[in-house]
Amino acid sequence: MARQVVAALEGDHLLVQAGTGTGKSLAYLVPVMVDAVDTGRRAVVSTATLALQRQVLTKDAPLAADAVEAVTGTRPVVALLKGWQNYVCRHRLEGGYPQDEEDTLFSAGQAARAPRPGTGETTSTGEQVVRLRQWAAQTDTGDRDDLVPGVSDRAWAQVSVSRAECLGPSCPLRAECFPELARAAAAQADVVVTNHAMLGIAASGNTGVLPEHTVLVVDEAHELADRVRSQGTVSLSASAVARVAATARRHASVLVADLESAGQGLQLALADLPDGRLAGGLPGPLHEALVLVEAAARQVLADLREAAKTAEGATGPAAGGVALARTALNELVEAAARMTSDSVAERRDVAWVERPRMGADPPRLTLAPIDVAGAVADTLLADRAAVLTSATLSLGGGFEPMAHALGLSLAGGGWRGIDVGTPFDYARQGILYTPTHLPRPGTGISEATLDEVLALAEASRGGMLGLFSSRRAAQEAAEMLRGATDLTVYAQGEDQLPTLVEAFAAREDACLVGTLSLWQGVDVPGRACRLVVIDRIPFPRPDDPVAQARSEAVAAAGGNGFMAVSAVHAALLLAQGAGRLVRRAEDRGVVAVLDPRLRTARYGAFLARSMPPLWPTRDREVVLGALARLADEGRPARTDTATR
């Protein structure tokens with residue numbers, strides 16, 4: 001892999017499938033570091049998550065840098081770069097921004113975000129902020145992930161600001177600004193480690209978030225397209241408009257009556273619409289309501305600018321409050337303008353109405369880009385050498401589906417894909433069980449499928465990771481296992497996910513069941529995970545607006561929408577889910593896909609070729625016997641007395 005990366009640095013784009021345990025981080029870090037110290041070309045390395053970003057920075061990059069320094073005599077400089085709000089704002093800590101009230105603590109953009117798992121939700125916001133102040137006086141980075149234990153999003157919002165809310169050159173503490181210092185360090189580094197969210201921001205048009213670079217490495221590249229699409233997605237609701245209006249009134253003392261009235265009109269327009277995709281575009285009343293929201297927001301923004309001129313030179317909470325209001329209004333104007341544009345009619349965006357939290361929250365309108373390949377090609381890949389790697393890039397036996405999704409087919413310079421293999425012997429270490437006697441999946445999970453889950457879990461005596469297509473199916477499986485066995489059963493949603501995974505890894509008789517969050521990133525090597533059960537092929541939901549729109553776009557271009565979108569989505573998740581079983585060379589076990597379509601449907605072969613090459617069987621007794629033997633291997637040896 002390292003040799004292939006060296007060749008790619010000459011200008012070609014490279015897709016590298018590198019299985020778990022390959023050491024792919026070192027295989028790309030060493031070549032790009034050597035290239036950086038030899039040529040002065042800067043490389044950006046992006047990871048899928050902040051956790052993986054930290055692993056590269058603290059473990060893999062120092063090891064690679066040691067080796068490069070030993071050979072070249074020069075140590076490459078590595079810097080970490082995250083989004084602005086991942087750093088504490090010294091000016092906000094010093095009272096440079098007004099205190100947010102409890103009911104308006106989150107901005108319009110933050111309102112829909114889920115809290116990060118395991119981040120200090122058990123203590124009060126006030127207690128967490130006090131601890132944050134103490135930490136801020138000692139930290140050298142201001143990086144949220146350096147704060148252990150963490151704090152809630154609510155507490156962090158009181159000590160951080162977005163890039164748009166920053167006062168910039170007028171901030172009295174700019175010389176001590178943590179995000180500015182991180183960016184200055186990145187601008188001088190040989191290798192900059194960042195994350196896919198930052199690439200998504202750059203692909204959305206804000207290319208200045210990254211330093212100039214000529215080499216791009218994307219680790220866990222299979223997630224890049226979804227992250228870019230997520231960054232390009234906008235939502236708007238009446239409550240979001242009301243929050244923006246309240247922020248402008250409180251912090252800038254401008255009139256917002258028209259904006260509040262427009263927000264009420266938006267509420268009425270959304271209330272008349274059912275949940276789901278707006279395939280024919282925005283209905284007239286909704287479009288008119290959004291036009292009024294945009295016009296009213298623009299007027300408030302103009303009034304705010306005039307008010308800011310009279311207060312020019314002001315510092316402290318007044319200036320910070322104006323910055324908060326200006327940012328909220330700009331985001332509202334941009335969202336409303338996009339929603340009233342022709343992007344949905346021209347099939348660039350897909351729009352839908354949803355009522356979050358099972359209808360507990362008011363309805364909102366969401367827009368998402370249908371295709372992100374062009375944005376990735378134009379903003380991330382153009383005029384750069386790019387290496388994109390993951391354990392799951394070859395789908396259906398080829399790299400073309402992923403190359404298309406990631407924009408490589410559109411980028412200049414050409415591309416090539418390679419599979420550098422794996423240190424594992426999958427056919428000897430694992431079994432792929434596809435019970436064709438089960439019924440074809442319908443709505444919910446069938447009794448026959450639950451019976452099969454029970455038989456497998458009992459034969460294995462635990463050690464089961466259950467990956468289900470819905471929260472309800474996972475709950476039914478957990479209830480069934482708890483009622484029919486004495487196994488320890490953990491279910492997603494009953495505690496923070498890292499806590500559940502840690503508890504599952506600590507017991508050989510445990511079962512952990514859940515949905516999408518468990519399909520990727522769960523690393524439990526050894527006997528604790530010797531059985532992975534997948535209840536059905538994980539196709540997108542039939543009513544998924546983005547999948548529908550993408551399939552239609554492929555079909556309109558003469559392609560097979562189902563295979564290009566739904567089958568590729570399912571193949572990627574199946575590969576990731578099955579990859580939870582074998583994490584080390586000594587791991588052994590069974591992956592059971594309880595969906596006969598994997599063997600009987602025409603597309604089944606495409607999906608199966610995307611999974612690790614485990615030994616396949618449909619024989620139930622063979623599988624139950626293998627699981628029983630694995631369970632027996634973990635039992636303590638019996639003494640002669642016990643035997644007698």
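Is tyrosine 603 buried or exposed? Hold that thought until point 5.

1. Some ground rules. You're looking at a predicted model, where local features need pLDDT of at least 70, side-chain atom pairs count only at pLDDT 80 or more, and totals for chains, interfaces and linings use all residues. Residues are numbered from 1 along each chain as its sequence is written, and side-chain values use heavy atoms, leaving out hydrogens and water.

2. Start with helix 8 (residues 196-203) and helix 9 (residues 224-231), which pack at about 55 degrees with their axes 8 Å apart. Helices here are DSSP runs of H or I with at least four residues, strands are E runs of at least two, and both are numbered from the N terminus. Axes are lines fitted to C-alpha atoms, for helices over the stretch in contact, and angles run from 0 to 180 degrees between N-to-C directions. Helix 8 and helix 9 are therefore oblique to each other (under 35 degrees is roughly parallel, over 145 roughly antiparallel, 65 to 115 roughly perpendicular, and the rest oblique).

3. Who touches whom? On the helix 8 side you'll find His196, Ala197, Leu199, Gly200, Ile201 and Ala203, and they meet Leu224, Arg227, Val228 and Gln231 in helix 9. Contact means heavy atoms within 4.5 Å. Sort the residues of this contact and you get six nonpolar, three polar and one charged (Ala, Val, Leu, Ile, Met, Phe, Trp, Tyr, Cys and Pro count as nonpolar, Asp, Glu, Lys and Arg as charged, and the others, Gly among them, as polar).

4. Next, have a look at aspartate 35, which sits in helix 2 (residues 24-39). Aspartate 35 is buried, at 12% relative accessible area (buried means under 20%, exposed over 50%, partly exposed in between, with a 1.4 Å probe and protein chains only). Not counting residues up to four places away in sequence, aspartate 35 touches Leu9, Gly40, Arg41 and Val215.

5. Now for the rings. The whole structure has five aromatic pairs (ring centres of Phe, Tyr or Trp, using its six-membered ring, within 6.5 Å; planes under 30 degrees apart are stacked, over 60 edge-to-face, the rest tilted). One of them, phenylalanine 539 with phenylalanine 562, is tilted, at 5.5 Å centre to centre and 50 degrees between the planes. Phenylalanine 539 is partly exposed at 22%, and phenylalanine 562 is partly exposed at 33%. Phenylalanine 539 and tyrosine 603 have centres 5.4 Å apart and planes at 80 degrees, so that pair is edge-to-face. As for the opening question, tyrosine 603 is buried, at 14% relative accessibility. Phe539, Phe562 and Tyr603 form one aromatic cluster.
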